[in-house]
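Student: I'm new to this one and I'd like to learn how to read it. Can you take me through it feature by feature?

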Amino acid sequence: MADTDDFNARIIADFRATQGHPGGPFAGTPILLLHTTGARSGNPRINPVVYVEDGDRYLVFASYAGAPRDPAWYHNLKAYPEAKIEIDTRTLAVRVDEVTGAERDTIYARHAANYPAFAEYEVKAGRKIPVIALTPVPAT
């Protein structure tokens with residue numbers, strides 16, 4: 001867990017230093033910072049995740065790099081569906097919706113075609129990887 005935390009901390013620092021355009025292994029990959037509330041702890045959490053723009057929403061994929069279980073951030077969103085994202089230099093409140101059925105399958109297939117590692121992740125994981133839509137909500 002500490003290794004993952006350190007890895008994520010470095011990506012988050014790079015993301016913020018480069019105004020949302022990290023280098024290294026993520027150079028050229030669209031990354032956002034997902035702010036959630038811990039499902040068990042209630043503490044704030046931040047995770048860098050790959051995203052795809054889809055109209056007015058951002059799609060993220062709970063691949064956990066092909067692990068057999070869903071990532072903690074997915075469980076956090078299920079427990080507390082209020083979230084924020086950092087994208088480029090903006091921070092946005094978002095509505096969280098899981099994409100299911102044929103729409104999910106179409107989106108995932110398109111994503112896996114563009115990012116072949118995601119096709120491998122689903123096979124390796126032995127599970128259907130959840131697709132989450134994050135839709136910005138107006139500030140109140």
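Tutor: Let's start with a definition: buried means under 20% relative accessible area, exposed over 50%, and partly exposed in between, using a 1.4 Å probe and protein chains only. Keep in mind that this is a predicted model, in which local features need pLDDT of at least 70 and side-chain atom pairs count only at pLDDT 80 or more, while totals for chains, interfaces and linings use all residues. Residues are numbered from 1 along each chain as its sequence is written, and side-chain values use heavy atoms, with hydrogens and water left out.

Student: Is Gln 19 buried or exposed?

Tutor: Gln 19 is exposed, because its relative accessible area is 52%. You'll find Gln 19 in the loop between α1 and β1. Names like these come from DSSP runs: helices are H or I with at least four residues, strands are E with at least two, and both are numbered from the N terminus. Gly 24 is in that loop between α1 and β1 too, and Gly 24 counts as exposed at 63%.

Student: What about the backbone: what is the phi of Gln 19?

Tutor: First, the general idea: most residues other than glycine have a negative phi. Gln 19 isn't a glycine, yet has a positive phi of about 55°. Asp 88 also has a positive phi of about 55° without being a glycine. Asp 88 is in the loop between β4 and β5 and is partly exposed, with a relative accessible area of 29%.

Student: Now a helix. Which residues of α2 are buried?

Tutor: In α2, residues 72–79, the buried ones are Trp 73, Tyr 74, Asn 76 and Leu 77. Looking down the axis of α2, they fall within an arc of 160°, so they line one face of the helix. That arc is taken from the directions from the helix axis to the C-beta atoms.

Student: Where is Arg 127, and which residues is Arg 127 in contact with?

Tutor: Arg 127 is in the loop between α4 and β6, and is buried, at 14% relative accessible area. For polar contacts, look for a pair of N or O atoms within 3.5 Å; within protein, one must be able to donate a hydrogen and the other to accept it, and residues adjacent in sequence count only if both atoms are side-chain atoms. The side chain of Arg 127 reaches the backbone oxygen of Ala 62 at 3.1 Å. A polar atom of that side chain also lies 3.1 Å from the backbone oxygen of Arg 69. Leaving aside neighbours within four places in sequence, the contacts of Arg 127 include Ser 63, Tyr 64, Asp 70 and Glu 122.

Student: Tell me about Tyr 64, then. Which loop holds Tyr 64?

Tutor: Tyr 64 is in the loop between β3 and α2, and counts as partly exposed at 34% relative accessibility. Setting aside residues up to four places away in sequence, Tyr 64 touches Arg 69, Asp 70, Pro 71 and Arg 127. Tyr 64 and Ala 125 are 61 residues apart along the chain, and their C-alpha atoms are separated by 8.6 Å.

Note on methods. Contact = heavy atoms within 4.5 Å.
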